[in-house]
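Please keep the sequence and the structure in view while reading.

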Amino acid sequence: MAKVPAGVQTASIHGRIRAMTAPIGVPTITSEPLASVLRVLQLRGGDKDRFEADSLPQMNRVYGGQVLSQALLAAAATIEDNNERPPHSLHAYFLRGGDPACPISFDVARTHDGRSFTSRQVSATQDGRDLLTLMASFQLRQSGVEHSSQIPDVPGPEELISALEYFRSLNHPVGKFLGKTAAFDVRHVQENLYINASPNKSRCQQLWMKPRAEITGTTPLISRALLAYVIDQVMMEPALRTHGLSWLTPGLALASLDHAMWFHQDFDINQWLLYDQESPSANGARATGHVRVFTESGELVAEAMQEAMLRLPEEGCAPSSWGFEVPPVS
C-alpha cells in the first residue's frame, strides 16, 4: 500500500482506503459577532481535496470576502508545510452571488509544487453553480532585497471615532444591524459612508481596522485569511467617495468582479492596521479600488486591488436596490 503523506488522514469506505485532507484549524472564541465569522471559516471534509462550508446570514446574498477567505483556507489545507510556506498572492473572480442558506463546496486543484513556490486553484460552487474561482501562490520563507512604501501621516486609531459608536447613535435599521453584526472595529479618518455621502469628494481615504475581540492562536495564515475576509468590505469606498455616494444611495448596484491580493510580510490581525485607499479609475459601469495595508509601526504588510460593477439607475427609471436588505434586529 502506498504511504500516506504526513498531515493527511485516511478513512475506510466499503473496504476501500481514500485520502482525506485535514482542513486548517481556525481559532474559536466566544465573543460575538467575531465568533460567528471564525465558525464559518472552519471548513469541513477534505475528501479528495473537496471541502464544504456554511455562510453568515448577513444579507440576501453571500458576502464575497467570506468566500474569498474560505477558498484561501481550502488551498492552504493541501500544503503540508503551510506555516513555512504562507500565501504571498491570490487572484480571484467573483462569478455570481450565492445563497447564504446553502453550503458552499470548495474543490482544490494542486496545480504546482515547486521548491520555492506552490500554487493552487480553487473552485467554489453551490448547487453545481460556480460562485468564485481563485488562484493562490505560496512561497517558502526566504530572504532577499527589501524596500517598502511609507505609511501616510494620518491620525492614529485612538484619535478617531469608532464606527461602533456611530452605529449605536443611529435611529436607523442599518445602524442597528451593523452594530450587531460587524466583527471588526472600523475607524475612518474621513467621514464614513454608511448612511450619508461625504461632502468632501475625493478618490482617496484612510481607515483603521482590527477585530472587536482578541483572537488567540492566530498564525500568519489565519491573519492573511481574516484580512482577505474583511478587506472586501471597504475596497469600493473610495469610488463611492469620489462621486458623492454612500452605501445607501438609492438604486446603487455594487458587486465585486475580481480581486487580487499580495501579502508582503507577516502581521498580527489582532493589531490595528491602516488601510490607505484610492480609486484609480471608473469607466463602463466598473470601478477599481486599490489599498495598501500598514501596521501602526509603519510596515507595509499587504496590498489589494479590486474591480467592481458600479451602477446607478438612469434618470427617470425606478431605482433598483443592490441588495442591502437588513433582517429584523431582535
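Ser89 lies in strand 5; helices (H or I, at least four residues) and strands (E, at least two) are DSSP runs, numbered from the N terminus. The model is predicted, so local features need pLDDT of at least 70 and side-chain atom pairs count only at pLDDT 80 or more, while totals for chains, interfaces and linings use all residues. Residues are numbered from 1 along each chain as its sequence is written, and side-chain values use heavy atoms, with hydrogens and water left out.

Val186 is in strand 9 (residues 184-188). Leaving aside neighbours within four places in sequence, Val186 is in contact with Ile161, Ser162, Ala163, Tyr194, Leu207, Trp208 and Met209. The C-alpha atoms of Val186 and Met209 are separated by 4.7 Å, and the two residues are 23 apart along the chain.

The table lists relative accessible areas; buried means under 20%, exposed over 50%, and partly exposed in between (1.4 Å probe, protein chains only).

| Residue | Relative accessible area and class |
|---|---|
| Ser89 | 8%, buried |
| Val186 | 6%, buried |
| Tyr63 | 15%, buried |
| Tyr229 | 2%, buried |

How many aromatic pairs does the structure hold? There are four. Rings of Phe, Tyr and Trp (its six-membered ring) pair if their centres lie within 6.5 Å; planes under 30 degrees apart count as stacked, over 60 as edge-to-face and the rest as tilted. The ring centres of Tyr63 and Tyr229 are 5.2 Å apart and their planes are at 85°, so this pair is edge-to-face. Tyr63 is in the loop between strand 4 (50-53) and helix 2 (64-77), and Tyr229 is in helix 5 (residues 220-231), so the pair ties together parts 166 residues apart in sequence. Ring pairs also link Tyr166, Phe167 and Tyr194 into a cluster.

The second largest pocket holds about 780 Å³ of space. Of its 21 lining residues, Gln142, Glu146, Phe263, His264 and Gln265 are the closest to its centre. On a 1 Å grid over the protein atoms alone, a pocket is an open set of points where a 1.4 Å probe fits, with protein on both sides within 12 Å along at least five of seven lines; lining residues have an atom within 4 Å of a point. Grid points are joined across faces, edges and corners, and the volume is the space filled by probe spheres set on them. Strand 5 (87-94) and strand 11 (253-263) each supply at least two residues of the lining.

Definitions and conventions: Contact means heavy atoms within 4.5 Å.
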